[in-house]
Amino acid sequence: MTRRRRSLTALACGAAGAALTATCIAAVPADDPGDEGDLAHKSAQEISDDALHSLLGAKSLRMRTETSTDDTKLDLTLDQDGNCNGNIDKGKLGRVDLIKRGKDVWLKPDAAYWKSQLPGDEGTTAARNYQDRFLHGTTDDTFLQSLAIACDLHAFQKSVTPQPPAPDQPSPPAVTLSKGRPTTHEGTRVLPIVKKTEDATQTVYVAIKGTHYPLKITTQVDDESSTILLSDYDRPVPPHTPAPGQTVDINALENRTQAA
């Protein structure tokens, strides 16, 4: 495997991990209390169950993630058919735009990414040669298949669904659930539901009006924190894909690199 493909693989795995394994938290907001709507007479457990049910019923959504231990940020619109459109941002190390439609996958690393991953003139040359062009392939390619995990809404929904412990596993730690005070998240009134275990706190911010979707999930474990923002429920993934003239076959790219 070439250095270019190894570098892209590391980026993909880090982003997928952030998206699929983040479990969430933050302090209860100190905003003034407000109307809880039809959530007022529901328990924290009932609201938590409603929010999970709404999330699992979503056909598509936008997901944004970040953690305190990694500069990687994910911003993807994805659906249950495995389509997605968005980007993976590594901060100073650059950004990769990502599009997946069916089995086809397109990646567009920016100049900062090429330069951060390839030494000296090699990174500068790659940034110039592939400026504004997408690497294209399909999920038959092992690398692109691993990247496509980040586009799998089913996998994300499964990852946030509580699983019963196996018979030979110890019982899960004691959990307490409580309501926070109504607050506003990106212009929408939400009710925080705070879940605490012995070593972690999770807060799920649930939409008060309309469908009770979870809109923000934050997590704090010791000094580490992570955030998932969820929005645009059931809005289709943008269908546009790059024109052939804007693409480079990822297999041809690897062949040229090996020949060099």
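Asp 222 sits in the loop between strand 11 (214–221) and strand 12. This is a predicted model, and in it the phi of Asp 222 is near 55 degrees, a positive value in a residue other than glycine. Is Asp 222 buried or exposed? With 65% relative accessibility, Asp 222 counts as exposed, because the cut-off for that word is over 50%.

Asp 222 also belongs to a group. On the surface, a patch of negative charge brings together Glu 198, Asp 199, Asp 222, Asp 223 and Glu 224. One of these residues, Glu 224, lies in strand 12, which covers residues 224–231. Its relative accessibility is 48%, so Glu 224 counts as partly exposed.

Follow the chain past strand 12 and you come to the loop between strand 12 and strand 13 (247–249), where Asp 232 lies. Asp 232 has a positive phi of about 50 degrees, although it is not a glycine. Its relative accessibility is 27%, and Asp 232 therefore counts as partly exposed. Asp 232 has a partner too: it forms a salt bridge with Arg 235, and the closest N and O atoms are 3.3 Å apart. Arg 235 itself is exposed, at 52% relative accessibility.

That pair opens a wider topic. Side chains of opposite charge can pair when their charged atoms come close. How many salt bridges does a search of the whole structure find? The search finds eight.

Let us visit another of them, between Lys 90 and Asp 70, where the closest N and O atoms are 3.9 Å apart. This pair links distant parts of the chain, 20 residues apart. Lys 90 is in the loop between strand 3 (84–89) and strand 4 (95–101), while Asp 70 is in the loop between strand 1 (60–67) and strand 2 (73–79). Lys 90 has a relative accessible area of 17%, so it is buried, whereas Asp 70, at 30% relative accessibility, counts as partly exposed.

A further salt bridge joins the side chains of Asp 140 and Lys 103, with a distance of 2.9 Å from N to O. Here too the pair links distant parts of the chain, with the two residues 37 residues apart. To find them, look for Asp 140 in the loop between strand 6 (134–138) and helix 5 (142–147), and for Lys 103 in the loop between strand 4 and strand 5 (104–109). How accessible are the two partners? Asp 140 counts as exposed, at 60% relative accessibility, and Lys 103 counts as partly exposed, at 46%.

A disulfide is a covalent bond between the sulfur atoms of two cysteines. The structure holds one disulfide. Which cysteines does it join? The partners are Cys 84 and Cys 151, with 1.9 Å from S to S. This pair links distant parts of the chain, 67 residues apart: Cys 84 is in strand 3, and Cys 151 is in the loop between helix 5 and helix 6 (153–159). Why do both cysteines count as buried? Buried means under 20% relative accessible area, and Cys 84 has 1%, while Cys 151 has 0%.

Key: Residues are numbered from 1 along each chain as its sequence is written. This is a predicted model: local features need pLDDT of at least 70, side-chain atom pairs count only at pLDDT 80 or more; totals for chains, interfaces and linings use all residues. Side-chain values use heavy atoms; hydrogens and water are left out. A salt bridge is a side-chain nitrogen of Lys or Arg within 4 Å of a carboxyl oxygen of Asp or Glu. Helices (H or I, at least four residues) and strands (E, at least two) are DSSP runs, numbered from the N terminus. Buried means under 20% relative accessible area, exposed over 50%, partly exposed in between (1.4 Å probe, protein chains only). A disulfide is a pair of cysteine sulfur atoms within 2.5 Å. Patches are made of residues with over 30% relative accessible area and no salt bridge: like charges are joined within 9 Å, nonpolar side chains (Val, Leu, Ile, Met, Phe, Trp, Tyr) within 5 Å. Accessible areas come from the Shrake-Rupley method with a 1.4 Å probe; for residues, only the protein chains shown count as cover. Lys and Arg count as positive and Asp and Glu as negative; His and the chain ends are not counted. The place of a charge is taken as NZ of Lys, CZ of Arg, CG of Asp or CD of Glu.
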